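Colleague: Please show me how to read the features of this model, beginning with a single residue and ending with the whole chain.

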Amino acid sequence: MLDAYLIRNELAKVAKALASRGYSLDQARLQDLEIKRKSLQAVTQTLQAERNSKSKNIGKAKAQGEDIQPLLDEVANMGDQLKAAETELSQLKDELNNILMDVPNLPHESVPAGLTEEYNQEVRRWGEPRQFDFTIKDHVDLGEQLGQLDFETAAKITGSRFVVMNGGLARMHRALIQFMLDLHTSEHGYTETYVPYIVNADSLRGTSQLPKFEEDLFKLHAEQEYYLIPTAEVPVTNIVRDTIIENKAMPRKFVCHTPCFRSEAGSYGRDTRGMIRQHQFEKVEMVQVVKAEDSYQALEDLTNHAEEILKRLELPFRTMALCAGDMGFSASKTYDLEVWLPSQNTYREISSCSNFEAFQARRMQARWRNPETGKPELVHTVNGSGLAVGRTLVAIMENYQNKDGTITVPEVLHHYMGGVLKIDLK
RNA sequence: GGAGAGAUGGCCGAGCGGCUGAAGGCGCUCCCCUGCUAAGGGAGUAUGGAGUUUGUAGCUCCAUCGAGGGUUCGAAUCCCUCUCUCUCCGCCA
């Protein structure tokens, strides 16, 4: 959510910034509602003040044994008047709030201009795509021929966009999670965290999956309004919701492995083959809760932390600065990491690292106490995948494949694979 | 799943219809005093919002005692719904 101060006082500027990411803000309507809100709030508060002071007088008069009937007559119809004003005001505030909850974040000044992905800018590239001297297979063929990826059985058990893994691939999938968590905790300073995989609507509003993106979520048919998490970002970031963090506890850096559940509504034709786009996948997520002045450095650091995983796995990748129009709803700035997929002869997204500035913090009322002023200030939140595990597995399978259909295990995973060097038929 | 108890400020804890944004204690900050230490005295110590203002300073006002409704001139206090916590029984990885 944007700062209400900006909406009130710099509406034109805000509208212009939003237009750069393809969002058209209804300025006239907002301004109109805001003027109404202002006068109605003033009226309501005046009535409340009057009611409060008169009620106090009644209390005093009664304590002194005076006749309070004249005073009661005086306030006789105040109640209705006040109630009407309060009701109208709260409706107006709801309306304003609903609009504001739907407005995306403002892009940072360093974000490339442009509305579509062609305007994303490559910031760096690492590694050389391997030259194969045989006809390569994609991960689906490799996995099925190894008998270790099984989409048919998954479709029987559940439906499309799920997978059953077994044997070496299932183990490597698990090994990747361990490797990522170990690297981020031991070398990058994150605290390993375990969280619920089912969250309530407040948490989803906090990180802004709700109200706008409900169709992307799996909602449970339970008594409570519960949802499966689409990313660890939701439960982990909401750890700091409605809290004031002491200065000495800042910054907070969490790393967390969770499954992620996405309905993928509206993506029916896309990536239907294989493990690229599933309803359920594993992800290791990094979340940093930092002071405002530190958040852009934190974004660079966190992006480097994600890149480090790819480097150690020796997977070629490039880092893209997303243009204004291609960024997610709540991001001020986003870097996507794209890993090389030989079968697609292109780079595909494997991590997305974003600075949300105070956008999520404002919704969550997540603050830290500035010792210089003694006052709470909104934190900035920064997060990114480090990495999407299923896609990492896909990248390893395709980049490390051998002519005979076996897959060489990357060196950094040997330790986690109990000395298995190659994934083959047995 | 059954039975009961509870939710108040950073923490503990009073209040059970009016002068309570909230006693008292602890903690914390500042000041004073004591040769040091320990102790003592004083002042301060929630959050969000609106108005005013050049101002995120000051001042005025409003809201908030788990959440949401209701009763009342007036609710932390009474009523309803929900959430969470604790105790006992049952079940259970």
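Colleague: Does threonine 258 count as buried or exposed?

Modeller: A residue is called buried under 20% relative accessible area, exposed over 50% and partly exposed in between, with a 1.4 Å probe and protein chains only. Threonine 258 has 1% relative accessibility and therefore counts as buried. Please note that this is a predicted model, in which local features need pLDDT of at least 70 and side-chain atom pairs count only at pLDDT 80 or more, while totals for chains, interfaces and linings use all residues; side-chain values use heavy atoms, with hydrogens and water left out. Residues are numbered from 1 along each chain as its sequence is written, and chains are lettered from A and ligands numbered from 1 in the order in which they are written.

Colleague: Where is threonine 258 found, and which residues does threonine 258 touch?

Modeller: Threonine 258 belongs to strand E8, residues 252-261. Helices (H or I, at least four residues) and strands (E, at least two) are DSSP runs numbered from the N terminus. Contact means heavy atoms within 4.5 Å. Not counting residues up to four places away in sequence, threonine 258 touches Val195, Tyr197, Ile229, Thr231, Ala232, Phe281, Glu282 and Lys283.

Colleague: Which ring has the charged end of lysine 253 over it?

Modeller: A charge sits over a ring if NZ of Lys or CZ of Arg is within 6 Å of the ring centre and within 35 degrees of the ring normal. The charged end of lysine 253 sits over the ring of tyrosine 190, at 4.8 Å from its centre.

Colleague: Which residues come nearest to RNA strand B?

Modeller: A residue is near a strand if one of its heavy atoms lies within 4 Å of it. There are 22 residues around RNA strand B, of which Arg8, Lys38, Gln48, Ser55 and Arg367 come nearest. On the RNA side, sugar and phosphate make up 70% of the atoms that come within 4 Å of the protein. Helix H3 (27-63) and strand E13 (366-369) each supply at least two residues of this surface, and H3 gives the largest share, 14 residues.

Colleague: Which backbone features deserve a check?

Modeller: Two peptide bonds may be listed. The bond from leucine 210 to proline 211 is cis, with omega near 5°, and proline 211 lies in the loop between helix H9 (201-206) and strand E6 (226-228). The bond from methionine 250 to proline 251 is also cis, with omega near -10°; proline 251 is in the loop between strand E7 (243-245) and E8. Arginine 161, although not a glycine, has a positive phi of about 65°. Glutamate 314 also has a positive phi, near 55°, and is found in the loop between helix H11 (295-312) and strand E10 (317-321).

Colleague: How many helices and strands are there in chain A?

Modeller: Chain A has 13 helices and 17 strands. Its C-alpha trace spans about 100 × 45 × 45 Å along the principal axes, and 49% of its 426 residues count as buried.
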